[in-house]
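Dear colleague,

Please find below the structure that I am handing over to you. My findings follow directly after it.

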Amino acid sequence: MRKLFTILLSTLMIFTLTACGGSEEKNSSQEDVAEIEILPDKNKILVAYFSCTGTTKNLAETAAEILGADLYEIKPEIPYTETDLDHRDETTRATVEQRDEKNRPALADKNAPIEKYGTIVLAFPIWWGIEPRIMDTFVETYDLSNRTIIPIATSGSSEIGAGGDNLKALASPSAEWKVGKSFKKNISKDEVKQFFDELK
């Protein structure tokens, strides 16, 4: 009887250990899969854009079509009104924000799928000669480490200049920043394509 009890106990322990081992292997396997899923795909491109009037949205959509990229709209928590953008009035929201380099307008959400993409195109208008402050918020919110970043902008007269440089200074130093370009309101698809072709 005692011998039978010992055999049954041994068998039960073997099954228990096997089950635990299988569970650990499964958990380990699930963790490995989770890690693989968050690694950026070097061949995947995201065009993240901020646009109030539709001009930059047009540029972003053109860029996405040329690159075969996905689109993500950067939205402020509080949308900008036409009055907010009146650059002739020193008291308007955008004027006040642009004059304060520490101003960070809140984002409507923080769910941009940055982790999936190896290349991020940042599209924005030029406001008061530089990037809108909400772009500063966006760049500081997400980890752009080890990704290629390409800034593009829309402007009636300004070059991208300081706008791209400012964003680069706020981002991870391991991000590879390309020299960006500013496009006029009447965006030419051929001009946009030529810009990306030259970047290779």
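Along the sequence, the elements of the chain follow the pattern α-β-α-β-α-β-α-β-α-β-β-α. In total there are six helices and six strands, where helices (H or I, at least four residues) and strands (E, at least two) are DSSP runs, numbered from the N terminus.

The model is predicted: local features need pLDDT of at least 70, side-chain atom pairs count only at pLDDT 80 or more, and totals for chains, interfaces and linings use all residues. Residues are numbered from 1 along each chain as its sequence is written, and side-chain values use heavy atoms, with hydrogens and water left out.

Of the 200 residues of the chain, 38% count as buried; buried means under 20% relative accessible area, exposed over 50%, and partly exposed in between (1.4 Å probe, protein chains only). A contact means heavy atoms within 4.5 Å. Among contacts between residues at least 6 apart in sequence, 78% join residues at least 24 apart.

I turn next to the strands. Two strands are taken to pair if DSSP finds at least two bridges between them. β1 and β2 run parallel and are joined by four bridges, with L46 standing opposite D70 in β2. Between these two strands the chain passes through helix α2 (residues 55-67), and this β-α-β crossover is right-handed. The term right-handed applies if, with the strands pointing away from the viewer, the path from the first strand over the helix to the second runs clockwise.

β3 is mostly covered, as nine of its nine residues are buried. Six bridges join β3 to β1, and the two strands run parallel; here A48 has L122 in β3 as its bridge partner. Seven bridges join β3 to β4, again in parallel, and the partner of L122 in β4 is P151. Together, β3, α4 and β4 make a right-handed β-α-β unit.

Helix α4 (residues 133-141) is largely enclosed by the rest of the structure, because seven of its nine residues are buried. These are R133, I134, M135, D136, T137, F138 and V139. The buried residues of α4 pack against β1 (41-49), β2 (70-73), α3 (93-99), β3 (117-125) and α5 (161-170).

In α5, the buried residues are G163, G164 and L167. They cover an arc of only 90° around the axis and therefore lie on the same side of α5; the arc is that of the directions from the helix axis to the C-beta atoms. The face turned away from this buried side carries the exposed residues D165 and A169. Packing partners of the buried residues of α5 are β3, α4, β4 (148-154) and β5 (176-177).

The aromatic residues come next. Rings of Phe, Tyr and Trp (its six-membered ring) pair if their centres lie within 6.5 Å; planes under 30 degrees apart count as stacked, over 60 as edge-to-face and the rest as tilted. By this rule there are eight aromatic pairs. One of them is the edge-to-face pair of F50 and Y80, with 5.9 Å centre to centre and 65° between the planes. F50 lies in the loop between β1 and α2 and Y80 in the loop between β2 and α3, so the pair ties together parts that are 30 residues apart in sequence.

A charge sits over a ring if NZ of Lys or CZ of Arg is within 6 Å of the ring centre and within 35 degrees of the ring normal. R93 lies over the face of Y80, at 3.6 Å from the ring centre. The charged end of K181 sits over the ring of F183, 5.5 Å from its centre.

Finally, some loop residues may be of interest to you. Most residues other than glycine have a negative phi. W128, in the loop between β3 and α4, has a positive phi near 55° and is partly exposed, with a relative accessible area of 33%. N146, in the loop between α4 and β4, has a positive phi near 60° and is exposed, at 63% relative accessible area. K102 is found in the loop between α3 and β3 and counts as exposed at 70% relative accessibility. K102 and R133 are 31 residues apart in sequence and 8.4 Å apart in space, C-alpha to C-alpha.

With kind regards
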